[in-house]
Amino acid sequence: MMMPRQKRVKSESGYYHIILRGNEKRNIFHNDEDKQYFIDILESKKEGYCYSIHAFCLMDNHLHLLMNEGEEDIAKIMKRITVSYVYYFNKKYKRVGHLFQDRFRSETVEEDRYILSLTRYIHQNPVKAGLVKRPEDYKWSSYNAYIYNNNCFSNVVDTDTVLGIFSKNVKTAKTLFHKYMREENADEFIDIEEKEEVLDEEEAKALYEKMLLNWGLDSKESASADLPEAFIREFKTKTNLSIRKIAAITGMNKDKINKTLRG
């Protein structure tokens, strides 16, 4: 029996982090021409359907987008984009069948601080993959559209939203953007690798309360104080939740949790 697809969470702000990945981890771009064609689709489709792209990064077997929907919802927008690209790709390489793995993956982005950290996460993708040393060295991301007014992707990317969070002064905003994009961080967002969680969030919350009792810790105080490192490691082992979810349940800072788990 096939399980029904989980309903996609609707963003209140209209902002989404989107991931598309190749079926069976295969490449969805074989060369620069393919990447450019996909960028051209993003530009042409947004004119008709009034969505905005705030950040992107195209890797060989997957891509990241930070976008907000316009007149149509995100599912319809992504369908139009992917259908156009699959038609091009299959015709060019004389192939049939699925190019992308299942539906696109998405998560909502509701606050300014997450818009900034997601933009950094997307631009640091090729750095963390070992392809380049600096975000600005990677050609197929939106990073340089933020820095240079005449960048070839300037017509594709809406930089005003992100830069406006930093400062109303464009020059100051670009300086702060450049500094922020290089900062080390413990940002966590959906990615191409699935992380299997041992427990769902509600079960994890119940386990958390039980562990507090077993450790002799007060649940009211735990939210405002750092939990023992051994407690965090045990909770991570038993749940395999992401750092972000552990932070949400425990009330601890994400960076402190990340440092504990890496220590």
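C57 counts as buried because its relative accessibility is 0%, while C152, at 58%, counts as exposed. Here buried means under 20% relative accessible area, exposed over 50%, and partly exposed in between, with a 1.4 Å probe and protein chains only. A search of the whole structure turns up zero disulfides, a disulfide being a pair of cysteine sulfur atoms within 2.5 Å.

A quick word on the ground rules. This is a predicted model, in which local features need pLDDT of at least 70 and side-chain atom pairs count only at pLDDT 80 or more, whereas totals for chains, interfaces and linings use all residues. Residues are numbered from 1 along each chain as its sequence is written, and side-chain values use heavy atoms, leaving out hydrogens and water.

Now the sheet. Four strands make an open, antiparallel sheet in the order 2-3-1-4. Strands are DSSP runs of E with at least two residues, helices are runs of H or I with at least four, and both are numbered from the N terminus; two strands pair if DSSP finds at least two bridges between them. Strand 2 (52-58) and strand 4 (105-108) each have a single partner strand, so one side of each is left without a neighbour in the sheet. From one strand to the next, the twist averages 15 degrees. Strand 1 (residues 15-21) is joined to strand 4 by four bridges, and I19 stands opposite R105 in strand 4. Helix 3 packs on this sheet, touching strand 1, strand 2 and strand 3 (62-68), and its direction makes about 155 degrees with that of strand 3.

On to helix pairs. Axes are lines fitted to C-alpha atoms, for helices over the stretch in contact, and angles run from 0 to 180 degrees between N-to-C directions.

| Helix pair | Axes come within | Crossing angle |
|---|---|---|
| Helix 3 (residues 112-123) and helix 7 (residues 170-182) | 9 Å | roughly 65 degrees |
| Helix 8 (residues 201-215) and helix 10 (residues 229-239) | 11 Å | roughly 145 degrees |

Contact means heavy atoms within 4.5 Å. Helix 3 meets helix 7 through R113, L116, S117, T119, R120 and H123, with F177, Y180 and M181 on the helix 7 side. In helix 8, A204, L207, Y208, M211, L212 and W215 meet A230, F231, E234, F235, K238 and T239 of helix 10. By class, that contact of helix 8 with helix 10 has nine nonpolar, one polar and two charged residues. Nonpolar covers Ala, Val, Leu, Ile, Met, Phe, Trp, Tyr, Cys and Pro, charged covers Asp, Glu, Lys and Arg, and the others, Gly among them, are polar.
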